[in-house]
Structure formats: C-alpha cells, structure tokens
Amino acid sequence: LIQQLGPSCGPVQHGSTTGNSRGGSPQGDVSSLPQAVVVYDWRMGKLQHRFPGHQREVTKVGCQYGSSRLFSASRDLTVLMWDLHGGDQPVQEFCGHDLVVSGLAVSPDGSQLCTGSRDNALCLWDVESGECLLKNAISRNLVTHLCWVPGGSCVVQTSEDKMVRLWDCRSLQVSSTFPPKQHIQTHCDVSNDGRYCLTCSHGFGGQGCEATLWDLRQTGSKVCEYRGHLQSATSCLFLPPSPGSAPTLATSSQDCSVRIWDQNSAACLTTLTLDGSGPLSSLASGYAGHLLCASFNTGIHLLSLQLDLARLCETARF
C-alpha cells in the first residue's frame, strides 16, 4: 500500500499497489513527514520506504502491478516516478500541467503514463524519457480520477463537471462520454476484464452519494446504481472474485463507512462504520478477503471481509 501524506496529521489518499507490498504509515510518522510518499508492508507490519520529494501535498499515487516503480502526483504541479530499489530520489519527473495534478494512470505495459489536472487537461507521457507525447484540454474538465482499462489503450476519467469520459490514448481524444450525473464524479474503477466501469458521486444528506455501474461495451449504458451512503462517496472498487460468490464491489464515503455491494443485484451486503476516522478517502484491495481504507484522522485501516457471513471488520490500523 502506498499512502500520500499532507502537511497536517492525516493521509490525503492512497492508490493501487504492486505485488505483495501494500502499506500505509504509522500515525506517529504522518505529521513529521509532509509532502512524502510512504510505502508500508501491511502484512509484515513493516515500514519499507519514505520518499520525500514533492514541494506540496501529494494528491494521487499509482503503480504498475509487478513492477518496482511507483508514481506520485502533487499540488506542486508535478508527477514523480520512484523505484522501490533505487534510493530515496525520484528517477523521473513529469512537468507540464499548470494546476494541481489530480489523476494518474499507468498503462498495462508500464511504458506510458496518463495524468490529469485541474487545468482541464490530460497529458500522455513516455515513462522512460519523461517526454510529454500528447496533451489535450477540454473546458471545465476538472479531473478527479483516471483509470486505465486493462488490456487496452483507453482511459476512463471522472470530472467535477459531472461527466465520465472515455479517452483513446493513441490520439488522446475523447472516444465517448457517459450521460452526465447530477453530482460531481469523484472516483472511478474498471473491472479486470475491461467490461465494466464503476464511478461514484459527491453528495450530502443521502442525495447523490451513489456509485454507478456502466457497461463499457455499450458506452453510456448505465447498468445499475448503489445507494446508501449519506455523504459523498469518495472511492469505489471492484473486489477480487471469490469462488462460489457473486461479484462484489466496495465503496467508501465521507460518512465514515465502507459498504460492500452485490454487483448484480445492487444489494448492500454489509456496512462497517469506522467511528472517529473522519472522512474516508480511498480504498485498495489486498489479498482475498482483505481491504485497506485510508482515513483523514486515523491512518490506514486493514479490513477483513467474510462474504459467506456478510461480515466486515477492522483487524489492524497503521
């Protein structure tokens, strides 16, 4: 797990992880190391790396599965590439955005990086050289998250203009858009088979706050919605398949809860409220039956999921 640290006492967000290294940071280390990326082996309970390098808060992290490289986006308008085996200095820097970098996604083969910003633009980068290959800006397209479609050349992007866009990275042009939602779209994920996209919504008092499942084979086709959160849904995730069980999803929210959903029926299978955590900012899946959830006040929560018992509980905290 990779945790992003801000200048105060809590994590901003965390992103997807590589291999067996998932992490966070002990709460005592968070306030002492602003603008840093921390890598924590949550199964061994061991802090592995600290990468101080950004000049302002980190907003997103990402990586390529099975690779030692990881990427961090920041309010300092840059994206840095790090190597888990390469010391504490960045091995590449990507500069080209005019405002906060708010999204990043690595291509499946690790050769390209797509970034998005509050400057309304997406950039496509060559990872090895750091060269910006393509850049495209759309009015009011304040990027909130990016997710590369597995096995393809497309990226799904959510935005503060309430739109969900599918980009073809061969030309960095929008290939299709989904019907606009009523609230800001905060996050997105794509199923491992590349067939479905999941997005989630800003909201308050139970208005908005939903996750939405889309069929990428029929772009713009909404499959179903998952409603139950009382405040903005901040992260959504396709969970690894469990033998003998229906496909499941997870969402986190500013209402301090994590919900597990039946993907097909949209039924909420179980809910865990993390009292005192403050708003929950993001989710990552561990090995089968485990989730990691980042919070504003209480660090990273390791959660255990038993689908057969419809039970979700906290087992550790970093």
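Buried means under 20% relative accessible area, exposed over 50%, and partly exposed in between (1.4 Å probe, protein chains only). The model is predicted, so local features need pLDDT of at least 70 and side-chain atom pairs count only at pLDDT 80 or more, while totals for chains, interfaces and linings use all residues. Residues are numbered from 1 along each chain as its sequence is written, and side-chain values use heavy atoms, with hydrogens and water left out.

**View A. The salt bridge of Asp-215 and Arg-217.** A salt bridge is a side-chain nitrogen of Lys or Arg within 4 Å of a carboxyl oxygen of Asp or Glu. Here the closest N and O atoms are 3.1 Å apart. Asp-215 is buried, at 7% relative accessibility.

**View B. The salt bridge of Asp-161 and Arg-165.** The N to O distance is 2.7 Å. Asp-161 is buried, with a relative accessible area of 18%, and Arg-165 is buried at 7%.

**View C. The salt bridge of Arg-170 and Asp-168.** These side chains meet at 2.8 Å, N to O. Arg-170 is exposed at 66% relative accessibility, whereas Asp-168 is buried at 16%.

**View D. The largest nonpolar core.** Such a core is a set of buried Ala, Val, Leu, Ile, Met, Phe, Trp, Tyr and Cys residues joined through side-chain atoms within 4.5 Å. This one has 14 residues; Leu-239, Val-258 and Leu-291 are among those with the most contacts inside it. Apart from it lies another core of 13 residues, including Leu-198 and Tyr-226.
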